[in-house]
Amino acid sequence: MGRPVRSRYPADAPPPVTDRRTTKISFRSRKIVKTAPAKPLTTTAVTPPAPAPPALPALSSPGELAAALRHLHAADPLLSAVIASTEAPTFTASPSLAAFHSLARSILYQQLTTSAAASIYARFLSLIPSTAAAAAASDAVTPTAVLALAATDLRAIGVSARKASYLRDLATRFAAGELSESAIGAMDEAALLAELTRVKGIGEWTVHMFMIFSLHRPDVLPCGDLGVRKGVQELYKLKALPKPEEMAALCERWRPYRSVGAWYMWRLMEGKGAAAKKKGNVNS
C-alpha cells in the first residue's frame, strides 16, 4: 500500500491568511444558461445467472464409467491413446467404507509406506469393539467408537500423538453434527473441500483422494498431486512440470470427467517407471 497523501499544511496549522485590503469581490452579472431537464434513469434488466449443471452420477453408477471413457476418447486424442493401451479403471459401488471410516483411514495412512500403514490400520481395527462381528468393519468404526479410544491405546499400536489428535478432531466434528454422511454426499466439490480441510490433519490432497476413490466423484482434478502433474507433462510433452495453477487450463478438455483423466495419468507414469526398470534390468 502506498504512502498516505500528506496535506500541504500540518493538521495543527491555521489556514493561510489573505490580505483583506487587496481582496475585491466581483459583482459582474453572469449569463444564465438553461439546461434541459435531466432524463429519468432507466433500469437495466439484470440477467439471472445460469443454473448450475446437474451433478453427474458417481463413477460407480451403471454406465457412468463407459460414458466417461467415450467423452475422453473424443475430447483428447493423446489421452485416447493412453486409454486404449491401459486396462480400464474400476469404481465398485460396494463394499464401500462410510465417509467417517474412510477419512479416519486416510489419516492413519498419511506419510507412511503402504505396508506400514496397512499394519497400523489392522491394529487400529482390532481396538474397535465388535469389529470382528461387523460385516465389513465400516459399521464398527464410528465417531463414538473412536472417541472412546484412549490416546495411550493408539500410541501402543503405532499411531503418533499428532495423528491421534487428528482422529479425535474428526470424530468430534462428526459427533457434533458438523459433518455427516448425508451432508458430505450433498456437497459439491468446492464446498466439500472447504469443509473437510477445516479438520485437523486433512489437507487438499487427502480430500481429493477421498472424493475420487471413496465418493467416486467424476470431475475432481488433484492439481497438486505430483504423479498427475508428471503424467500431464509426459502426455503433452511439456518442457517443464506444470504448476498446480496451470493444471486446470491444461486439463479443461477432460471436464466433466477429470477424475478419470487423473487416474490415467497415474497409470501413465507407472507404465513409464516399469518400462525404465525393465530396461535397466536388461542393460545390467
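Where is the place of Pro256? Pro256 is situated in the loop between helix H12 (244–250) and helix H13 (258–283), and a cis peptide bond, with omega of about 10°, joins Arg255 to Pro256. The structure is a predicted model, for which local features need pLDDT of at least 70 and side-chain atom pairs count only at pLDDT 80 or more, whereas totals for chains, interfaces and linings use all residues. Residues are numbered from 1 along each chain as its sequence is written, and side-chain values use heavy atoms, with hydrogens and water left out.

The protein contains 13 helices and zero strands, where helices (H or I, at least four residues) and strands (E, at least two) are DSSP runs numbered from the N terminus. Of the 284 residues in the protein, 34% are buried, a term that denotes under 20% relative accessible area, with exposed set at over 50% and partly exposed in between (1.4 Å probe, protein chains only). Among contacts (heavy atoms within 4.5 Å) between residues at least 6 apart in sequence, 64% join residues at least 24 apart.

Two helix pairs are described here by axes, which are lines fitted to C-alpha atoms, for helices over the stretch in contact, with angles running from 0 to 180 degrees between N-to-C directions. The axes of H3 and helix H4 (residues 114–127) come within 9 Å and cross at roughly 130°, so that H3 is oblique to H4; in this scheme, angles under 35 degrees count as roughly parallel, over 145 as roughly antiparallel, 65 to 115 as roughly perpendicular and the rest as oblique. The crossing of H3 with H4 is right-handed, a crossing being left-handed if the near helix is turned anticlockwise from the far one by less than a right angle, and right-handed if clockwise. From H3, the residues His101, Arg105, Leu108 and Tyr109 meet Thr114, Ala117, Ala118, Tyr121, Phe124 and Leu125 of H4. By class, this contact of H3 with H4 has seven nonpolar, two polar and one charged residues, with Ala, Val, Leu, Ile, Met, Phe, Trp, Tyr, Cys and Pro counted as nonpolar, Asp, Glu, Lys and Arg as charged, and the others, Gly among them, as polar.

Helix H9 (residues 189–196) packs with helix H10 (residues 204–213) at an angle of about 130°, the axes lying 10 Å apart, and H9 is therefore oblique to H10. The crossing of H9 and H10 is right-handed. Glu189, Leu192, Leu193 and Leu196 of H9 meet Glu204, Val207, Phe210 and Met211 of H10, and the residues of this contact divide into six nonpolar, no polar and two charged.

Ser102, which lies in helix H3 (residues 99–109), is buried because its relative accessible area is 6%. Apart from its neighbours within four places in sequence, Ser102 is in contact with Leu97, Phe210 and Ser214. The side chains of Ser102 and Ser214 make a polar contact at 2.5 Å, defined as a pair of N or O atoms within 3.5 Å; within protein, one must be able to donate a hydrogen and the other to accept it, and residues adjacent in sequence count only if both atoms are side-chain atoms.

Leu78, located in helix H2 (residues 77–84), counts as partly exposed at 44% relative accessibility. Leu78 touches Leu235 and Tyr236, residues up to four places away in sequence not being counted, and the C-alpha atoms of Leu78 and Tyr236, 158 residues apart along the chain, are separated by 7.6 Å.
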